[in-house]
Amino acid sequence: MRIEQADASDPATTRECFEVVQAADEVDDPLGPPWSLQRLRGWMEYPTEPAEIWVGRDETTAAVLGWYFMFLPQRENRDRAHGYLTVHPSVRRRGVGTALLRHAAERAGADGRSVLGSAALEGSPGTAFATRVGATAGLVEARRVLVLAAIPAGRVASLRARAAQAAAGYSLVSWYGRTPEEYLARFAEVGNAMADAPHDVGEEPQVWDAVRVREQMDDNRERQGRRIYTLAALHDASGEMAAVTAVEADPDNPEWGYQLLTAVVRKHRGHRLGLLVKTAMLDWLAEEQPSIGRIITGNADINRWMIAINEELGYELLEPASQSYEIPVAEVLRGPGAA
């Protein structure tokens, strides 16, 4: 196998990578939402942080056997590289993943990174691989799916009315795509509220400001061609943005919606704002994206507050959960076959 850097702007290469992901998902996550080629291409070509993509090709056929995508954060977590590594099911347990991991460690080390981080579905070959190479397990993210057709008639309206009663003194605003200028700084503050959400030991939360929201979030998502609906609660007395939720629609997988962040600023908690924005989002999506029949979300399994809201709405567990892992770069390079 030869390992070569991929050109994310080359449609042939991104299709080859997509075919590996597609084959892996059919084996590892048959009940989960499928990746679409468009979403993967946007993610690869316009990453939110500087990134590298490397593919492992068969020496004889040049077929892609596996590949990895590695983020190199530039503000927080500069000691870390976060990666996604996948191997085609037909060539697993033949050293492809080990070779790609070692290569990723070499690249990360050359950039001054000391830790590699990733995630795998529990019970999958990815989990077995992580255990075999000595990676340390971190947070478990439980995945849940809301099947919209299974929600009893009137349930969303009833929950929204109860939440609105508890949230007297707050008003809702919404937007599609780019964040309106008047909300940029306030949206950044809600993003910073995520700092107290569960995260792996040693991982620094991102710090947001208006410029970062515009450049790293809005501009980047626009280049990626993503379709994102955002809904927020404003505190009437102060004008502060108190809560936000966002859902992504994928035109190539129109039945699925992808829950992005839901966050409530600490000083505004206790007013059912999380439930309010999520029920209002369901009403909005019913009008704007009626083809969506399922929404997937993920929460650290210790985040009992958001899990309680999701269960109240009718979300049900989707097995398997996702498990984070990390391993020191030096440990990978000391492994069998290291140069």
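In which loop does Arg93 lie? In this predicted model, local features require pLDDT of at least 70 and side-chain atom pairs count only at pLDDT 80 or more, whereas totals for chains, interfaces and linings use all residues. Residues are numbered from 1 along each chain as its sequence is written, and side-chain values use heavy atoms, with hydrogens and water left out.

Arg93 is located in the loop between strand 4 (80-87) and helix 3 (96-110); helices (H or I, at least four residues) and strands (E, at least two) are DSSP runs numbered from the N terminus. Most residues other than glycine have a negative phi, and most peptide bonds are trans. Arg93, however, has a positive phi, near 65°. Arg93 counts as exposed because its relative accessibility is 70%, where exposed denotes over 50% relative accessible area, buried under 20% and partly exposed in between (1.4 Å probe, protein chains only). A positive phi of about 60° is also found at Arg272, which is not a glycine. Arg272 belongs to the loop between strand 10 (256-264) and helix 8 (273-288) and, with 33% relative accessibility, counts as partly exposed. The peptide bond from Glu319 to Pro320 is cis, with omega near 0°, and Pro320 is part of strand 12 (residues 316-328).

Thr86, in strand 4, counts as buried because its relative accessibility is 7%. With neighbours within four places in sequence set aside, Thr86 is in contact (heavy atoms within 4.5 Å) with Val20, Val21, Ala24, Gly66 and Trp67.

In helix 6 (residues 184-192), the buried residues are Leu184, Phe187, Ala188, Val190 and Gly191. These residues lie on the same side of helix 6, because they cover an arc of only 160° around the axis, the arc being that of the directions from the helix axis to the C-beta atoms. The buried residues of helix 6 pack against strand 7 (170-176), helix 7 (210-224), strand 8 (227-235), strand 9 (241-249) and strand 10.

A nonpolar core is defined as a set of buried Ala, Val, Leu, Ile, Met, Phe, Trp, Tyr and Cys residues joined through side-chain atoms within 4.5 Å. The largest such core has 30 residues, of which Leu273, Met281 and Leu313 touch the most other members. At least two residues of this core come from each of helix 5 (155-166), strand 8, strand 9, helix 8 and helix 9 (304-313), and helix 8 gives the most, with 9 residues. A second, separate core of 23 residues includes Ala81, Ala104, Ala120 and Ile327.
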